[in-house]
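Here's a quick briefing to read with the model open beside you. Take the topics in any order.

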Amino acid sequence: MDVVVPLGSFKVTLFTFILVSYVFHNPTDSEAVQLLQSNIDMTLASNELVFINFYAEWCRFSNILMPVFDEAADKIKEEFPEAGRVVLGKVDCDKENEVATRFHITKYPTLKIIRNGQPAKREYRGQRSTEAFVTFIKKQLEDPVKEFAHLKELTSIDTDKRLIIGYFDRRDQPEYNIFRRVASNLKDDCIFYVGFGEASLNMHPAGQPVIVFRPDKKRSVDTDETYTGNVNIFDELHIWAQDKCVPLVREITFENAEELTEEGLPFLILFHKPGDDESIKKYNEVVQKELLSEKQNINFLTADGRKFAHPLHHLGKSESDLPLIAIDSFRHMYLFPKFEDMTVPGKLKAFIQDLYSGKLHREFHYGPDDEAESGNVIRKVTTPPESTFKKLGPSKNRYTLLRDEL
């Protein structure tokens, strides 16, 4: 018996086949998809997670990584064969310069995660092995939202973490799908919790989900804040959650120092003793109150002075001198004269402005400006301590860097 296929249906089916074949064409035997300017947007839009290797064929680190990445792509395809879940892709940055520029590639190879079409804030900087990549991808695909069965469970959550809590009627609500997508994008910065049905019955009107941000008590005195925007609009909820989850003041560690350094902004760092939450809270309050206008120009950080004893040594200080504040400009380090003056209105902001104007560097060589103006110039043989955090940036033993790092 002959099967008659309407011409219109045949055209649609054939077009779809050709389109899918073109988008996911891969000239190698690997499951890693070669991404081009012509297919990258569709790939990002049609997959929950895309892990991209930005490389250059002439880069020796890229050549070392390529077979490892290809093998990981094969194993990931075996683990997650369903369409739309995860894709490992690769971009030849010499041939696809527009794509490389779009994703701000400054070194080869760079490994980036795209979740729900949006680049993750943190790129992959872990071990470059097949096993490490597979473990990383599995972790990324875990449910980003933790469910609670009773409201009392929320009182025992680790308060050192920022939380976003959703109260919903049921799991199949469209609003919850949006909440979960936001959680997937921001799970590295916040912990997301959700309660359904009776677990959250007393926290929201029937049919009206409520989403709440709870700050970490270690760094903030703020109370819970309820989201007042439209829970049906992903971009609106994502912007609000990102603003709450990514703190203005961040802690620098040996694990995140490379990525913070690569942002290219000078550091204003509070060095504190382990467990000194009070100085951290005061520092946060001053930054929030007086220095919001500077957030595009400088990174506000806190650092455990015991772990980062080496920068303190460069400043001529030790753990016994903590807390103290310093600027690392990636060329030199400058010490804020007196920690207690941090709370004097305008003092810390003036210190930052003195970096921009060159006054901090100038005074290390020639003494205070008022002495220079009076003609009594004191020439010093000392220079500002060299930056120590610059050395924690991307290593030339791991990447081919495309620009000189200052």
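In which loop is Pro323 found? Pro323 sits in the loop between helix H10 (309-314) and strand S15 (324-328). Keep in mind throughout that this is a predicted model. Here's the rest, by topic.

**The chain as a whole**

- The protein chain has 13 helices and 17 strands.
- Of its 406 residues, 47% are buried.
- Take the contacts between residues at least 6 apart in sequence: 72% of them join residues at least 24 apart.
- The accessible surface of the chain is about 21,500 Å², and carbon and sulfur atoms account for 52% of that.

**Two cis prolines**

- Leu322 and Pro323 are joined by a cis peptide bond, with omega at about 0°.
- Another cis peptide bond links Tyr108 to Pro109, and here omega is about -15°.
- Pro109 is in the loop between strand S4 (107-108) and strand S5 (110-115).

- Ser62 belongs to helix H3, and it touches both Tyr108 and Pro109.
- Tyr55 and Ala56 are also touched by Ser62, leaving aside residues up to four places away in sequence.

- His104 has a phi near 55°, which is positive even though the residue isn't a glycine.
- You'll find His104 in the loop between helix H4 (97-102) and S4.
- His104 has a relative accessible area of 66%, so it is exposed; the cut-off for exposed is over 50%.
- Asn116 is another non-glycine residue with positive phi, near 50°.
- Asn116 is in the loop between S5 and strand S6 (118-119).

**Helix pair H3 and H5**

- When two helices pack, the pair is described by the angle between their axes and the distance between those axes.
- Helix H3 (residues 60-79) packs on helix H5 (residues 130-140) at an angle of about 45°, and the axes are 8 Å apart.
- That angle is why H3 is called oblique to H5.
- The crossing of H3 past H5 is right-handed.
- H3 brings Leu65, Val68, Phe69, Glu71, Ala72, Lys75, Ile76 and Glu79 to the contact, while H5 brings Thr130, Phe133, Val134, Ile137 and Lys138.
- By class, the residues of this contact are 8 nonpolar, 1 polar and 4 charged.

**Helix pair H6 and H7**

- Helix H6 (residues 174-186) and helix H7 (residues 234-245) cross at roughly 40°, with axes that come within 10 Å.
- H6 and H7 are therefore oblique to each other.
- This crossing of H6 and H7 is right-handed.
- On the H6 side, the contact is made by Ile178, Phe179, Arg181, Val182, Asn185 and Leu186; on the H7 side, by Phe234, Leu237, His238, Ala241 and Gln242.
- Sorted by class, the contact of H6 with H7 has 7 nonpolar, 3 polar and 1 charged residues.

- Cys190 lies in the loop between H6 and strand S9 (191-196).
- How far apart in space are Cys190 and Gln242, C-alpha to C-alpha? The answer is 8.9 Å, although 52 residues separate them in sequence.
- Beyond residues up to four places away in sequence, Cys190 touches Arg162, Leu163, Ile164, Phe213 and Cys245.
- Cys190 has a relative accessibility of 3%, so it counts as buried.

**Lys295, a loop lysine**

- Lys295 is placed in the loop between helix H9 (277-290) and strand S14 (299-304).
- With a relative accessible area of 42%, Lys295 is partly exposed, because that class runs between the 20% and 50% cut-offs.
- Which residues does Lys295 touch, not counting those up to four places away in sequence? They are Leu248, Leu265 and Phe300.
- Lys295 and Val249 are 46 residues apart along the chain, and their C-alpha atoms are separated by 9.5 Å.

Note on methods:
Residues are numbered from 1 along each chain as its sequence is written. This is a predicted model: local features need pLDDT of at least 70, side-chain atom pairs count only at pLDDT 80 or more; totals for chains, interfaces and linings use all residues. Side-chain values use heavy atoms; hydrogens and water are left out. Helices (H or I, at least four residues) and strands (E, at least two) are DSSP runs, numbered from the N terminus. Buried means under 20% relative accessible area, exposed over 50%, partly exposed in between (1.4 Å probe, protein chains only). Contact means heavy atoms within 4.5 Å. Accessible areas come from the Shrake-Rupley method with a 1.4 Å probe; for residues, only the protein chains shown count as cover. Axes are lines fitted to C-alpha atoms, for helices over the stretch in contact, and angles run from 0 to 180 degrees between N-to-C directions. Angles under 35 degrees count as roughly parallel, over 145 as roughly antiparallel, 65 to 115 as roughly perpendicular and the rest as oblique. A crossing is left-handed if the near helix is turned anticlockwise from the far one by less than a right angle, and right-handed if clockwise. Ala, Val, Leu, Ile, Met, Phe, Trp, Tyr, Cys and Pro count as nonpolar, Asp, Glu, Lys and Arg as charged, and the others, Gly among them, as polar.
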